[in-house]
Amino acid sequence: MNDHVRMNVHLIGGQNAGWFEGKTVLLLQLSSIICGSVLVLLLCAYGYILWDKHAARRRVVVQAKWLHEFNAEGEGSALRNYFDTGELDSALLNMSGDQQAVLQGILLQRLSQGPREMELARIRFLSWRVFESSYRTRLGSRKWSVRVNTLLYVEQFHMIELLPKLEDILRSASCTPLERFIILRMYARTGYMRVLKELLRKDTLLSDSQYLQILLPLTDEMWLKLMEHFKELSYQVQCTFIDALRIRDEQTDNAISLLEALILGGDAELRTRSLQALAHVEKKDKRLLRQLLLVWNEQGDERPRSERLVVARLMGSIREEAFVPLLKRLMGDPSFQIRQEAANSLARYEQAVEELRYTASEHPDKYARQIAEETLERKQYGRKMD
Amino acid sequence: MDERWINMLRSLIVAWHEGILIYLILAIVMFSVLFLAAVRMLIRQRDVDSLQYDEMLNEELAPPVSLLVPVYNSENMIVDRVERLLETQYALYEIIIINDGSQDGTMQQLMDTYDLLPIQSKVHYSGLEREIGQIRAVYRSMVHCHLLVIDKEYGGHMDSLNVGINMSQYPYVASIGQATVLERDALVKIMKPVMSALPGEEIVACSGRVDMANGKYPFTSIQGITSSERELSPLLIMQYIEYVRAFLISGIGLVRYNINILLFTSQAFGVFKKNRIMEIGGYNTDSHVGHIELVMRLHKHMKQMKEPGRIIYIPDPICSVNVPESWSQLLKQRAGWHRQLAGSLWEQRSMIGNPHYGWMGMVSIPYFILVELMGPVLEIATIIFLISGMWLQIVDVKLCLVLALLLVLYGSLLSACAVMFEIWSSRRAYTFREVTRLFLYACSETFWFRPMNNVFRIYGLLQVVGYGKKDSKHGKG
């Protein structure tokens, strides 16, 4: 054996240099154990999945059978009989888990189709009688998705009897923001006064959209109370409240007074939203609008972009002669959106065509001329669409 | 050979193997952490009822979105694509089709089907402050008032998106890939995080899970076709496994715990906040960068502005794309992706390891460089060293075995874990046969698909340094 071969033979079999000197055997054992364990784990998972799929298939077959039975024509179906006559058969009250799951699906589907009042009442009554007990249990589940789903169903079926239980959940430390939100929306939909207390809290972490979803379905009585306590609301709720005013198209004196007070206030965000809401209102105080016009002639260009945009829109809804020069000025605004909005607003005026034609040819600003041309064409195109 | 030379060679190989060993251990730990983080999140959310999306269909609540759809030589499929988009379930949206200089009858098909009326004086607003392709004409459909068609000179996918951004009117824009098929409720799902954003939290981009459209394997049971109708090739099955793993590990795992480190949105479908895109000047039209570069610039911009903009990845399947069905197509696609990854990272190299960019600069980008960009080189080199070292009998056989086991763990077993989790958590009805096939294919990944894929990606790297032919600017999906 020459030296070369002897050296190679010496090298095989053990790491004798570097960081892992003498540790290769340990590393090998460790890697083998980890690989083997992962493989065994995967094989177990494979077996479990096969079993789970098998069970799921059986469940689907059973549920399909129940679905067929519930939807059966003629006198055989207790559910159909209930919806026709309102008589609750004992078969509907003593249901297995699979039957309940199928019935829940059927009732949710009926709800999504917008049932008539009588049918709606029957759906709510039946769901209460059948699901009340299981929903109570599921609301206490440790699994988050089970709790959230149950809350969504409770809301859909309008189970006002469960409201005290929901209060307990709301008070518990484990209540997540999504659960809190669904509960508050449920309160709002059912006219439960507790929602006002929750809205007045400063530390409820919800998004603007979620607040809107809670505010929009509030009853008139709750709405009035909230308006009275406007100043006590958190800033975020104040902002969304103004948006909700606009979406609900509130035209009461109280609402308009609140908006008018806010558009002359110091907060730019509240001002912008109030202007936006006011643009939808039919009856406006002329004196106030003149005041607004005065303010805008003096400081309009310095106001934030969003506010300029909304004012451009508002001037389109008010259609006061005095706003025409202002709109023309806004058509040359550095922001494209404001130019477009101002042009659209001007297009709503009686003398729009002449004004736009004049702007398209004579305005000193190139952008204003362009947008005027485009708006003129769009007006023509709008007529073609009609 | 001189003993001194043998010693040197031996030291070099040992040092390489030790380096690779550490690399593999770190990669496995990282993947496992991301995988477990994703699994926790999915287990929590997987069963939540779709009733949660109902409010999204209220026009007053959902922010309107402009769908930007660049098309290029799509004569045969354009009407189907538009029809499908028109079926989208969402409160308020507009569809902007951008015909990017097609040389076939794409434009004529659109004209005939949607009764397009040219808008003569449409203002071509250039808020992006970037040169965009020459627009030939802008049309509005007389049949669907929310459909706008832009006919422009050829400029590539990214240029078309820039043109679309310029023409869009809504505060959010959605970019849709060349071969993407959107689910009907895709917009509802993708916009939910935007609507749920808390005060002070801004979602600047959102992307989601992409499925494989070829044959709809193995989801045929929810499509109303039995799975036996289409037997998929091993190549497609492996790509399906890859998509599942990427979705779990790189997608969901990276957005867990609110650490803002997601470096990509899907090129197939992503939603962006328009004003933020405008602020950074829109898409980079250089063909050597991809969507990832835009996302890196967004991160950079938000950090520079000191604003908390986040990029989100949602776990719901929202769209599907056709994936390559042959090795040559796969080579083209993977080389292209890798070229774009390298180009994007090079373009934004100032962010690499820069503490100014926080987790992004210190963790996410180094991870993408080491694991995604350089991973193929390291893996292939390791395999070559393993084989040659054992053949030449100048390395420790036990160390080779350790490395081989780690490679299996890193590739096959992690994929198998991802697939098993997907099967368990999915609402799709997989058959027993499909479960078994997916499991076996996932376990075999390290031995054939991964090395081939690595070769393709290395080819992409070679293209970056000027070797080989590059493709056109129109990427698929």
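Helix axes here are lines fitted to C-alpha atoms, over the stretch in contact, and angles run from 0 to 180 degrees between N-to-C directions. Helices (H or I, at least four residues) and strands (E, at least two) are DSSP runs, numbered from the N terminus.

Good morning. The structure under discussion is a predicted model, in which local features need pLDDT of at least 70 and side-chain atom pairs count only at pLDDT 80 or more, while totals for chains, interfaces and linings use all residues. Residues are numbered from 1 along each chain as its sequence is written, chains are lettered from A and ligands numbered from 1 in the order in which they are written, and side-chain values use heavy atoms, with hydrogens and water left out.

I begin with helix packing in chain A. Two packed helices are described by the angle between their axes and the distance between the axes. Helix α3 of chain A, residues 78–85, packs with α6(A) at an angle of about 130°, and their axes are 9 Å apart. That makes α3(A) oblique to α6(A); angles under 35 degrees count as roughly parallel, over 145 as roughly antiparallel, 65 to 115 as roughly perpendicular and the rest as oblique. The crossing of these two helices, α3(A) and α6(A), is right-handed. A crossing is right-handed if the near helix is turned clockwise from the far one by less than a right angle, and left-handed if anticlockwise.

Which residues meet at the contact of α3(A) and α6(A)? From α3(A) come Leu79(A), Tyr82(A), Phe83(A), Asp84(A) and Thr85(A), and from α6(A) come Glu119(A), Arg122(A), Ile123(A), Phe125(A) and Leu126(A). Contact means heavy atoms within 4.5 Å. By class, this contact of α3(A) with α6(A) has six nonpolar, one polar and three charged residues. Here Ala, Val, Leu, Ile, Met, Phe, Trp, Tyr, Cys and Pro count as nonpolar, Asp, Glu, Lys and Arg as charged, and the others, Gly among them, as polar.

Helix α6 of chain A, residues 117–139, also packs with α7(A), residues 144–156, at an angle of about 140° and with the axes 8 Å apart. The helices α6(A) and α7(A) are therefore oblique to each other, and their crossing is left-handed. Tyr135(A), Arg138(A) and Leu139(A) of α6(A) make this contact with Val146(A), Arg147(A), Thr150(A), Leu151(A), Tyr153(A) and Val154(A) of α7(A). The residues divide into six nonpolar, one polar and two charged.

Turning to chain B, the axes of α12(B), residues 375–392, and α15(B), residues 449–464, come within 9 Å and cross at roughly 125°. That makes α12(B) oblique to α15(B), and the crossing is left-handed. On the α12(B) side, the contact involves Pro376(B), Val377(B), Glu379(B) and Ile380(B); on the α15(B) side, the residues include Arg450(B), Asn454(B) and Leu461(B). In this contact of α12(B) with α15(B), seven residues are nonpolar, one is polar and three are charged.

I now come to the core. In soluble globular proteins, nonpolar side chains tend to be buried together. A nonpolar core is a set of buried Ala, Val, Leu, Ile, Met, Phe, Trp, Tyr and Cys residues joined through side-chain atoms within 4.5 Å. Buried means under 20% relative accessible area, exposed over 50%, and partly exposed in between (1.4 Å probe, protein chains only). The largest nonpolar core has 269 residues, of which Phe157(A), Leu166(A), Ile97(B), Leu248(B) and Phe269(B) touch the most other members. Helix α13 of chain B, residues 397–425, gives the most to this core, with 17 residues. Not counting residues up to four places away in sequence, Leu166(A) touches Leu139(A), Leu151(A), Val154(A), Ile183(A), Met186(A) and Tyr187(A).

Next, backbone geometry. Most residues other than glycine have a negative phi. Asp115(B), which is not a glycine, has a positive phi of about 50°. Asp115(B) lies in the loop between α3 (106–114) and β3 (116–118) of chain B and is partly exposed, at 46% relative accessible area. For Lys306(B), phi is near 55°, again a positive value in a residue other than glycine. Lys306(B) is found in the loop between α9 (291–305) and β10 (309–321) of chain B, and counts as exposed at 70% relative accessibility.

Finally, is Arg81(B) buried or exposed? Arg81(B), placed in helix α2 (residues 78–86) of chain B, is buried, with a relative accessible area of 10%. Leaving aside neighbours within four places in sequence, its contacts include Val69(B), Ile176(B) and Thr180(B).
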